[in-house]
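Trainee: I have a new structure open and I'd like to walk through it with you. Could we take it one topic at a time?

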Amino acid sequence: MTRKRMRLLCASLCLVATTLPAWASTASGSTAQTPKKETRTTVGQQANPTGGEHLLLADRLEIKKRLSKEKLRREAALQAKKHAEDLEAPASDLYGEESWGSHVNPFAGMSVHIPDRQDIDLQEFVMPIATRQITSNYGYRHSFGRMHYGTDLKLNYGDTIRAAFSGKVRVKSYEGGGYGNYVVIRHPNGLETVYGHMTRSIVREGTIVRAGDPIGLGGSTGRSTGPHLHFEARFMGVPIDPSDLFDFQAGVPRYDVFAFVKGAYRTPRSFAVANAVAKPKKSGESNEEQFKTHRIKKGDTLSSIASRYGVSLKKLCFTNGITTHDKLSIGRTIRIPS
């Protein structure tokens, strides 16, 4: 073997010796580890949240939503409980426990302290009868030589008479020389309302009624010259002119809250009410044709009411002296502008 060939053989053996370990490692399934490239988060960069963080955020939102619903439910339950208690013992803080007598004036023959001022919420008012024609106003009657403590509203025999507010029936009685068949209801707002000359009443003393519930049928019993409803509003026995509280022609209260002032309960009308008083009756036009009213039901909004009657929201609010942010009370009657 020549020297040249010997050198080539040695070189080949050295090459095989150096490549054999790497080939064996690859064949056995082992791979060389590539070092990881180091990554850095610079200022202003934010790592994307992981799926776990997304889930945690959703859980927190769901818990918050449930807590909010539970809070609203508890508040509604407390409000319903308070309302039920108010109906069971209406205005007990004003009238006390000794004023559930059988007279129209609950304090007849008793000494009583009447507040100098009391705010009376009228928003729940419902017209006691469907017709809106006044036949006799509150005031002194020279022909009879006595005061007339109510407003007489025209009706027909058998017409349904309804409670003007929610409350509890304090008196159901008959007075041949006066009210005839009549009912007195005490309300949580501090008022008592009187309904006289009915053919018959259909409620019992102690009955809880809701605003608009039927309480009797129209008639002409007692000291009456024809079928009508004698309607009174009293605060702690003190008679108030019902027309100061209610616009009977329009079928709505004159105020959301009426300020009773002892000795001088008449109050000037607010600007809003002054712009919403009844229009003069046109010849040959019935009251119902002049005014439209809407009694608020669950789910009503000012926008939906305006849309239903084809009037602007701004005009609806102006006519009733309210704003778009005011809360609508279920059962309240509002005027629809023409």
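Trainee: How much space lies in the second largest pocket?

Mentor: Bear in mind that this is a predicted model, and in that model about 440 Å³ of space lies in the second largest pocket. Of the 23 residues that line this pocket, the closest to its centre are Arg141, Arg146, His148, His197 and Arg223.

Trainee: Okay, and which elements give two or more residues to that lining?

Mentor: Those elements are strand E2 (134-136), strand E4 (146-148), strand E5 (151-154) and strand E13 (228-235). By residue class, the lining of the second largest pocket divides into 5 nonpolar, 11 polar and 7 charged residues.

Trainee: You mentioned His197. Where does it lie?

Mentor: Histidine 197 lies in strand E9, which covers residues 191-198. Its phi is near 70 degrees, a positive value in a residue other than glycine.

Trainee: Why does histidine 197 count as buried?

Mentor: Histidine 197 counts as buried because its relative accessibility is 5%, and the cut-off for buried is under 20%.

Trainee: What does histidine 230 touch, then?

Mentor: Leaving aside residues up to four places away in sequence, histidine 230 touches His148, Tyr149, Gly150, Thr151, Asp152, Tyr179, Val194, Tyr195, Gly196 and His197. Histidine 230 has its place in strand E13, and with a relative accessible area of 7% it is buried.

Trainee: How far apart are histidine 230 and serine 136?

Mentor: In sequence they are 94 residues apart, while in space the distance from C-alpha to C-alpha is 9.0 Å.

Trainee: Switching topic: how much space lies in the largest pocket?

Mentor: About 1,200 Å³ of space lies there. The largest pocket is lined by 28 residues, and the closest to its centre are Gln79, His83, Glu124, Ser329 and Ile330.

Trainee: Which helix gives the most to that lining?

Mentor: Helix H2, residues 51-88, gives the most to the lining of the largest pocket, with 7 residues. The residues of that lining divide into 11 nonpolar, 9 polar and 8 charged.

Trainee: And what is in the loop between H2 and helix H3?

Mentor: Alanine 91 has its place in that loop, with helix H3 covering residues 92-95. Although alanine 91 is not a glycine, it has a positive phi of about 50 degrees, and at 6% relative accessibility alanine 91 counts as buried.

Trainee: Let's do strands. Which strand pairs with E7 over 7 bridges?

Mentor: That is strand E8, residues 180-186, which pairs with E7 in the antiparallel sense. The two form a hairpin with 4 residues between them, and lysine 172 has valine 183 as its bridge partner in E8.

Trainee: Which bridge partner does glycine 167 have in E11?

Mentor: In E11 its bridge partner is valine 209. Strand E7 (residues 167-175) and strand E11 (residues 208-209) pair in the antiparallel sense over 2 bridges.

Trainee: What order does the open sheet of 3 strands have?

Mentor: The order is E6-E12-E10, with antiparallel pairing. Strand E6 (160-162) and strand E10 (200-201) stand at the edges, and each has a single partner strand, so one side of each is left without a neighbour in the sheet.

Trainee: How many bridges join E6 to strand E12?

Mentor: There are 3 bridges between E6 and strand E12 (residues 214-217), and the two strands run antiparallel. Within this pairing, threonine 160 has leucine 217 in E12 as its bridge partner.

Trainee: Zooming out, how many helices and strands does the protein have?

Mentor: The protein has 8 helices and 19 strands, and buried residues make up 38% of its 338 residues. Of the contacts with a separation of 6 or more, 64% are between residues 24 or more positions apart. The accessible surface comes to about 21,000 Å², of which 55% belongs to carbon and sulfur atoms.

How values were computed
Residues are numbered from 1 along each chain as its sequence is written. This is a predicted model: local features need pLDDT of at least 70, side-chain atom pairs count only at pLDDT 80 or more; totals for chains, interfaces and linings use all residues. Side-chain values use heavy atoms; hydrogens and water are left out. On a 1 Å grid over the protein atoms alone, a cavity is a set of points where a 1.4 Å probe fits but cannot get out, and a pocket is an open set with protein on both sides within 12 Å along at least five of seven lines; lining residues have an atom within 4 Å of a point. Grid points are joined across faces, edges and corners, and a volume is the space filled by probe spheres set on the points. Ala, Val, Leu, Ile, Met, Phe, Trp, Tyr, Cys and Pro count as nonpolar, Asp, Glu, Lys and Arg as charged, and the others, Gly among them, as polar. Buried means under 20% relative accessible area, exposed over 50%, partly exposed in between (1.4 Å probe, protein chains only). Contact means heavy atoms within 4.5 Å. Accessible areas come from the Shrake-Rupley method with a 1.4 Å probe; for residues, only the protein chains shown count as cover. Two strands pair if DSSP finds at least two bridges between them.
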